[in-house]
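Trainee: I would like to go through a structure feature by feature. Where do we begin?

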Amino acid sequence: MLKPFVIHEPRTPQQASELLNEYGWDATVYAGGTELLVVMKEGLASYAHLINIKTISDIHTIHLTDNDAALRIGAAVTHRAIETSSMIAAHAPLLIEMERSLANVRVRTMGTLAGNLCFAEPHSDPAAVCMAWPGASFELTSTDGVRQVLPDEFFIDLFMTARQENEIMTAIHLPLLPPGMGSAYHKFVLLERPSVSVAAFVSVAGTTIKSAHIAVGSVGPVPYRATAAENMLLGQTPGDEPYRAAAEAAASAADPVGDLYGSVEYKRQLIRVLTRQALQQASERAMGVERL
Amino acid sequence: MTLQVEHAFTVDMPIGEVWDYFADPPQVVPCLPGAELLEIINETTYRGAVGLRVGPIAAQFHGKAELLEIDAAQHMMRLRVGGDQQGSPGRAEAEILFSLSQVDNSQTEIKIVADVGISGRLAQVGGGMIQSVSKFMFNQFAKCIIKVLENPEPTPGS
């Protein structure tokens, strides 16, 4: 049973921040409610005040920014709006691929990308994708100003982020991928959320790998970058052998936590398989063998 | 859901003094994250409340802590704690083995091994990644203990 609460409807991020300052721990930010209302209904969270950020006007759009070099996705944009956006299809098709497989259509219709990131559930699809996305950042706004936070600074622990109590996430910034870079997102799902997920971004020039970004999600409290695996790939020729070696390195770098989605060893094996698959597909897309 | 958690940390203090501090459980309560001592039932049984807060998740438990065994010579004690979740059907129980070992004359290692059982909806939260919560809470506990033991508040009037 939901306990009674008051809904506040600020018009600007600053007003939302003022409300968060005023009510402190008795208040939280509410957008889609697909995560928050579930835990509130189960009696696992209780807030007397919900700050509905959907009434803030300029956080509902997806547009190009930074001289058309990046996408700015407003914090009130739902998963479904991203999935069906022609802007996203043209500039960041990987996001559509990720969104299509996120939870179910009911969740995607109500839930927002920013809400998913801020809730920081350890099995978040967007968290892993953003963690690997070259140059991605999150815009946090409060009465103190606006700041950009990188994903690896943002995700601190299970359900914990660098967002301060009086801040709201106002946008997600995703730079467009340069020519010659391919991306892929692979996951294994038994329940509603992934057991393990891997996002990979690979740049190939001629027959040489120029850069690799790999992030592994759902394995522990927060996604991690497989940096040793990334470094091993630099200067290599795309192919099964370097991908297997990198996948092994990504699996050894993991510190898996066994949970309802899989044991430690099960997750480690999935990292090996999914990393190899994601690297393979990302590099094929980079070389134009496969189009996303 | 049951799991075993094990945590350890070191304080700059001789083992005897650390033991004296822990041998008086009510003294330790302020360092247990979100804990409150409600009643001393007898020398070995206490009634208390524990609040757990991880990001947006908050759960309150009311229950008992019982000292099952205390061995001053071995610097070891065994406790059983259990509590019912408030406002939602759920229960958490743990059998905790607490032990001290001497690192050298001025350093002591504090170690906790606990078998934790959690039931109810809380066990599903985060896909059951509840180990992380125990680590997070233990780190808060360790920080507090180090602060209290290594920088004691000056006794008023001394």
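Mentor: With a definition. A polar contact is a pair of N or O atoms within 3.5 Å, and within protein one must be able to donate a hydrogen and the other to accept it. Keep in mind that this is a predicted model.

Trainee: How many residue pairs are in polar contact between chain A and chain B?

Mentor: Five residue pairs, with both residues at pLDDT 80 or more. On the side of chain A that touches chain B, the residues divide into 16 nonpolar, five polar and five charged.

Trainee: What is the count of salt bridges between chain A and chain B?

Mentor: There is one salt bridge between them. Its partners are the side chains of Glu42(A) and Arg121(B), at 3.1 Å from N to O.

Trainee: How is the size of an interface often given?

Mentor: It is often given as the accessible area lost when the parts come together. Here chain A and chain B bury about 2,000 Å² between them, and 66% of that lies on carbon and sulfur atoms. Of the area that chain A buries against chain B, 31% comes from Leu44(A), Leu158(A) and Phe159(A), more than from any other three residues. The contact takes 26 residues from chain A and 22 residues from chain B.

Trainee: Phe159(A) has an aromatic ring. How should I read aromatic pairs?

Mentor: Look at the distance between ring centres and the angle between planes; planes over 60 degrees apart count as edge-to-face. Over all chains, the structure holds eleven aromatic pairs. Phe119(A) and Phe159(A) form one that is edge-to-face, with 5.3 Å centre to centre and 80° between the planes.

Trainee: Which parts of chain A does the pair of Phe119(A) and Phe159(A) tie together?

Mentor: Phe119(A) lies in helix H7 (residues 113–119), whereas Phe159(A) lies in the loop between strand S8 (155–157) and strand S9 (160–161), so the pair ties together parts that are 40 residues apart in sequence. As for accessibility, both Phe119(A) and Phe159(A) are buried.

Mentor: Compare that with Phe188(A) and Tyr266(A), an edge-to-face pair at 6.4 Å centre to centre and 70° between the planes. Phe188(A) is in strand S11 (residues 181–189) of chain A and Tyr266(A) is in helix H12 (residues 264–286) of chain A, so this pair ties together parts 78 residues apart in sequence.

Trainee: What are the relative accessible areas of Phe188(A) and Tyr266(A)?

Mentor: Phe188(A) has 31% and is partly exposed; Tyr266(A) has 33% and is partly exposed as well. Rings can also group: Phe138(A), Phe154(A) and Phe155(A) form one aromatic cluster.

Trainee: Back to helix H12 of chain A, where Ser283(A) is placed. Is Ser283(A) buried or exposed?

Mentor: Buried means under 20% relative accessible area. Ser283(A) has a relative accessible area of 1%, so it is buried. Not counting residues up to four places away in sequence, Ser283(A) touches Val202(A), Val204(A), Pro238(A) and Tyr243(A).

Trainee: And the backbone? Which value does phi take in Asp66(A)?

Mentor: Phi of Asp66(A) is near 50°, a positive value in a residue other than glycine. Asp66(A) sits in the loop between strand S4 (62–65) and strand S5 (70–74) of chain A. Ala103(A) is also a residue other than glycine with a positive phi, near 45°. The loop between helix H5 (93–100) and helix H6 (105–110) of chain A holds Ala103(A), which counts as partly exposed at 29% relative accessibility.

Terms used
Residues are numbered from 1 along each chain as its sequence is written. Chains are lettered from A and ligands numbered from 1 in the order in which they are written. Side-chain values use heavy atoms; hydrogens and water are left out. Contact means heavy atoms within 4.5 Å. Buried area is the accessible area (1.4 Å probe) that two parts lose on being put together, summed over both. A salt bridge is a side-chain nitrogen of Lys or Arg within 4 Å of a carboxyl oxygen of Asp or Glu. A polar contact is a pair of N or O atoms within 3.5 Å; within protein, one must be able to donate a hydrogen and the other to accept it, and residues adjacent in sequence count only if both atoms are side-chain atoms. Ala, Val, Leu, Ile, Met, Phe, Trp, Tyr, Cys and Pro count as nonpolar, Asp, Glu, Lys and Arg as charged, and the others, Gly among them, as polar. Rings of Phe, Tyr and Trp (its six-membered ring) pair if their centres lie within 6.5 Å; planes under 30 degrees apart count as stacked, over 60 as edge-to-face and the rest as tilted. Helices (H or I, at least four residues) and strands (E, at least two) are DSSP runs, numbered from the N terminus. Buried means under 20% relative accessible area, exposed over 50%, partly exposed in between (1.4 Å probe, protein chains only).
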